[in-house]
Amino acid sequence: MRVILLGTAAGGGFPQWNCACALCVSGAPPRTQDCVAVSADGESWYLLNASPDIRAQILATPPLRAGPGPREIPLRGVLLTDAELDHSLGLLLLREAGGLPVWAPEAVLGALSEQFPARSIIDGYGGWEWLPSSEVSIDGLRVSTLPVSDKRPKYARSSTEDGPWVVAYRIEDVETGGVFVYAPCLKSWPDGFDDFTRDADLVLLDGTFHAPDEMSGATAAEVGDGAQLAMGHLPITGSLAKLRPGPRWAYTHLNNTNPVVDPASPEHAAVLDGGASLPLDGTEFKL
């Protein structure tokens with residue numbers, strides 16, 4: 001199984017276009033918005049989330065580029081962890097694909113149909129399928145899900161759906177036995193997550209924030225008390241101590257306020273000392 005990190009930043013990317021905080025002007029390596037590509041054979045590829053940066057991410061990743069025929073593409077489907085705009089807006093940019101299956105939690109499928117009508121827009125371009133993430137079927141890969149959060153996007157606050165709104169994916173290569181867990185949005189360390197990650201070769205974790213009060217710092221935008229908590233992301237300080245020997249642990253979905261984006265920061269060093277990595281866009285793993 002090949003796993004390519006197309007983007008490793010939270011919504012807005014790093015640096016953010018509308019931010020001149022100390023980190024955004026620091027010259028630290030840029031990151032596009034979180035998205036992953038996975039393949040069992042290196043020929044048929046599936047996206048985990050579809051970021052607004054998906055066009056640039058595909059063009060920067062040779063295995064995902066069109067060819068050899070003029071309209072042949074290697075993309076075979078998209079798996080959404082949630083309905084957040086930074087994870088689903090890329091679907092609109094994939095409209096020329098001629099149709100792909102999209103798997104997501106039922107609540108997410110409903111939100112994309114009713115609150116943010118991406119489904120009706122994209123369906124106009126033909127051939128799209130909208131399927132529950134509990135029924136993923138991919139040749140060569142075994143996929144299972146774990147509900148990890150009830151956090152719904154702002155545009156879907158009026159939705160009557162109970163959820164789950166956010167899931168993690170466990171993807172196993174049927175031939176090699178390699179296991180990849182993708183959990184870019186964790187409200188907490190949920191019940192069952194230790195079992196879900198057991199025997200995994202690679203676990204990609206929510207690294208949005210380093211500390212629980214990060215967005216109240218002097219370099220962060222004024223967002224109001226409690227805003228960071230409401231975003232539903234377990235900070236690295238709350239997850240790093242839970243890592244155990246065995247898997248390769250890595251953090252993704254890094255916010256522009258997170259000091260770990262600076263390789264020279266003590267927070268970056270602490271993550272590495274804690275047994276995890278902070279891979280950049282374009283990093284590939286083979287499991």
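A disulfide is a pair of cysteine sulfur atoms within 2.5 Å. In general terms, it is a covalent bond between the sulfur atoms of two cysteines.

**Entry 1: ground rules**

I note that this is a predicted model, in which local features need pLDDT of at least 70 and side-chain atom pairs count only at pLDDT 80 or more, while totals for chains, interfaces and linings use all residues. Residues are numbered from 1 along each chain as its sequence is written, and side-chain values use heavy atoms, with hydrogens and water left out.

**Entry 2: cysteines**

I looked for disulfides and, by the rule above, the count is zero. How far is the sulfur of Cys-185 from the closest cysteine sulfur? The distance is 13 Å, to Cys-35, which is too far for a bond. For Cys-24 the closest cysteine sulfur is in Cys-21, at 3.7 Å, and that is also too far for a bond.

I then checked burial (buried means under 20% relative accessible area, exposed over 50%, partly exposed in between, with a 1.4 Å probe and protein chains only). Cys-185 counts as buried because its relative accessibility is 8%. Cys-24 counts as buried at 11%.

**Entry 3: Gln-16**

I use helices and strands as DSSP runs, numbered from the N terminus: helices are H or I of at least four residues, and strands are E of at least two. Gln-16 lies in the loop between strand 1 (2-7) and strand 2 (35-39). Gln-16 is buried, with a relative accessible area of 17%.

For contacts I take heavy atoms within 4.5 Å. Leaving aside neighbours within four places in sequence, Gln-16 is in contact with Gly-11, Cys-24, Asn-255 and Asn-256. A polar atom of the Gln-16 side chain lies 3.3 Å from the backbone oxygen of Gly-11. A polar contact is a pair of N or O atoms within 3.5 Å; within protein, one must be able to donate a hydrogen and the other to accept it, and residues adjacent in sequence count only if both atoms are side-chain atoms.

**Entry 4: Ser-265**

Ser-265 sits in the loop between strand 11 (248-252) and helix 9 (266-273). Is Ser-265 buried or exposed? Ser-265 counts as buried, at 8% relative accessibility. The side chain of Ser-265 reaches the backbone oxygen of Pro-259 at 2.9 Å. With neighbours within four places in sequence left out, Ser-265 is in contact with Pro-259 and Val-260.

**Entry 5: parallel strands**

Strands of a sheet pair through backbone hydrogen bonds, either parallel or antiparallel. I count two strands as paired if DSSP finds at least two bridges between them.

Strand 3 (residues 45-48) and strand 4 pair in the parallel sense over four bridges, and Leu-47 has Val-78 in strand 4 as its bridge partner. Four of the five residues of strand 4 are buried. Strand 4 (residues 75-79) pairs with strand 5 in the parallel sense over two bridges, with Trp-103 as the bridge partner of Leu-79. Strand 5 also runs parallel to strand 6 (residues 129-132), joined by four bridges; there the bridge partner of Trp-103 is Leu-131.

Both faces of strand 5 (residues 101-104) are covered: Pro-101 and Trp-103 are buried on one side, Val-102 and Ala-104 on the other.

In helix 4 (residues 106-114), the buried residues include Ala-107, Val-108 and Leu-109. Among the elements that cover the buried residues of helix 4 are strand 5 and strand 6.

Val-136 is in the loop between strand 6 and strand 7 and counts as buried at 15% relative accessibility. Not counting residues up to four places away in sequence, Val-136 touches Leu-79, Trp-103 and Val-143. Val-136 and Ala-104 are 32 residues apart in sequence and 9.1 Å apart in space, C-alpha to C-alpha.

Six strands form an open sheet in the order 7-8-9-10-11-12, with mixed pairing. Strand 7 (141-149) and strand 12 (276-277) each have a single partner strand, so one side of each is left without a neighbour in the sheet. Inside this order, strand 8 (residues 166-173) and strand 9 (residues 179-183) pair in the antiparallel sense over four bridges. Ile-171 stands opposite Phe-180 in strand 9.
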